[in-house]
Amino acid sequence: MKDLNKMANSIIELVEQLEEESVKKLVDKALNEGMEPLYLLELIAEGMTRVGRLYESKDYYIADLIMAGMIFKDILAFDRMTPDFHKNNTGELGKVMIGTVEGDIHDIGKDIFKGMLEANGFEVIDLGVDVHKEVFVQKFEEYKPDIIGLSGVLTNTIDPMKDVISAFIEAGIREKVKFIVGGNHLTGGACQYIGADDFSNDVSRGIKVCKEWAELTYKGGINND
Amino acid sequence: MNCAIIACQTLQDELNLAIQETRCQYPVIWLESKYHISPNSLREKLQSEIDNLKKIDTILFAYGSCGSGLVGLTASTANLIIPKTEDCISMILSQPTKTFERPKKTYFITKGWMDSSSSLLEEYEHTLKRHGEERTKRIFKLMLGHYQYLMLIDTGAYNLDEWKNKAQELAQKVNLELVTKETSIWLLKQLLTGPYDENFCTIKKGETVSLGHFGYQDGRPSQ
């Protein structure tokens, strides 16, 4: 147990230090010694949170954030992660549809959010980048997600995000889905203007919100038809 | 009227040219480019600068609201005048009386951006040094995978030919096609002289900057 605790701390630190190969070796060892995959992902997420703080304090660059995301994806792809991953990924927590809104082509944060959602038991439909409001409406009708995540890095994505929600109001389907908007520039005021149910400036908070919504109805999805 | 300017160092060439052409004599407080990375840090730093000013009636901001970093600022010591633009890209690319449309799949640079501490060039060099060539290729493919163009904005404030060569080198490194676009510093000049019309947010002393000041009212943004 002591060894696993020590390994856990080392995994967090190695992610923080962006030591890709060392992380992979230690994760391999940790899985061999019985560490639970979901717990492992929480350790990686903690390491990524630390990377995020180092970026905010200007010690790390955007490339380092991306490197952390790459490490996360590498670990998710481990063979021994996938049986548990699939076991968790029955989508029993609900279905989340995500996309970067029209006019924005950033997707790094969105992709990390997607990975964490899947690891936490959500089924995810990713619409990609520069997604027009009508596509969100069409794909909602096709996939019937419980939650829609709108991503945007640029400050001017506030209006495209609002346009998506307005399109849902116009189509008479706003009440059938929860909206979370994600991006560093977002504030409570922006969320209110957009008309979303919640917002997030970081992945961890976004996951927390989605899990809280999932707890509202633990069987049958979040928005019961 | 006593005015002071708070400016982002990225716009140094453009603002200095505007100051020269308008013969403006207001003092300038330059802030490092790095603050734009985190909207919260930017807001904190700007508020501190506002709070420390004395005997100033109006503070002019040579800033876009990058990451909504100016939303939430309190005009504690003076009135605030802020260009009504989402960021500095729209500030220098926009044209008078025309609605700004951001070119798609495009990464924007000027001499100021290339020179700054958080430039794409510095990002590339840091990545190469820290992570090596192979990982740099992977990282930049993820970072810029949806981009097609590197646009060098010709503001008239710096030697284009000299910086075009550097931009071309950078474009080759990050696998983008270099394009240039000529623009003008009309908005910065109007910031220094007025009038403070629909192109600007005016926040009176004692008020707080809100999204509403940037046109995000109920319904559509005001034009």
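Two residues are in contact if their C-beta atoms, placed from the backbone, lie within 7 Å. With that in hand, welcome to this predicted model, where local features need pLDDT of at least 70, side-chain atom pairs count only at pLDDT 80 or more, and totals for chains, interfaces and linings use all residues. Residues are numbered from 1 along each chain as its sequence is written, while chains are lettered from A and ligands numbered from 1 in the order in which they are written.

- Leaving aside neighbours within four places in sequence, Met161(A) is in contact with Val101(A), Leu150(A), Gly152(A), Val181(A), Ile194(A) and Ala196(A).

**Where the chains meet**
- On chain B, 28 residues are in contact with 23 residues of chain A.
- H5(B) gives the most to this side of chain B, with 8 residues.
- By class, this side has 11 nonpolar, 10 polar and 7 charged residues (Ala, Val, Leu, Ile, Met, Phe, Trp, Tyr, Cys and Pro count as nonpolar, Asp, Glu, Lys and Arg as charged, and the others, Gly among them, as polar).

**A helix pair in chain A**
- Helices (DSSP runs of H or I, at least four residues, numbered from the N terminus) H7(A), residues 133–143, and H8(A), residues 158–170, have axes that come within 8 Å and cross at roughly 45°.
- The contact residues include Phe136(A) of H7(A) and Phe168(A) of H8(A).

Definitions and conventions
Axes fitted to C-alpha atoms, helices over the stretch in contact; angles between N-to-C directions. Helix = DSSP H or I, 4+ residues; strand = E, 2+ residues; numbered from the N terminus.
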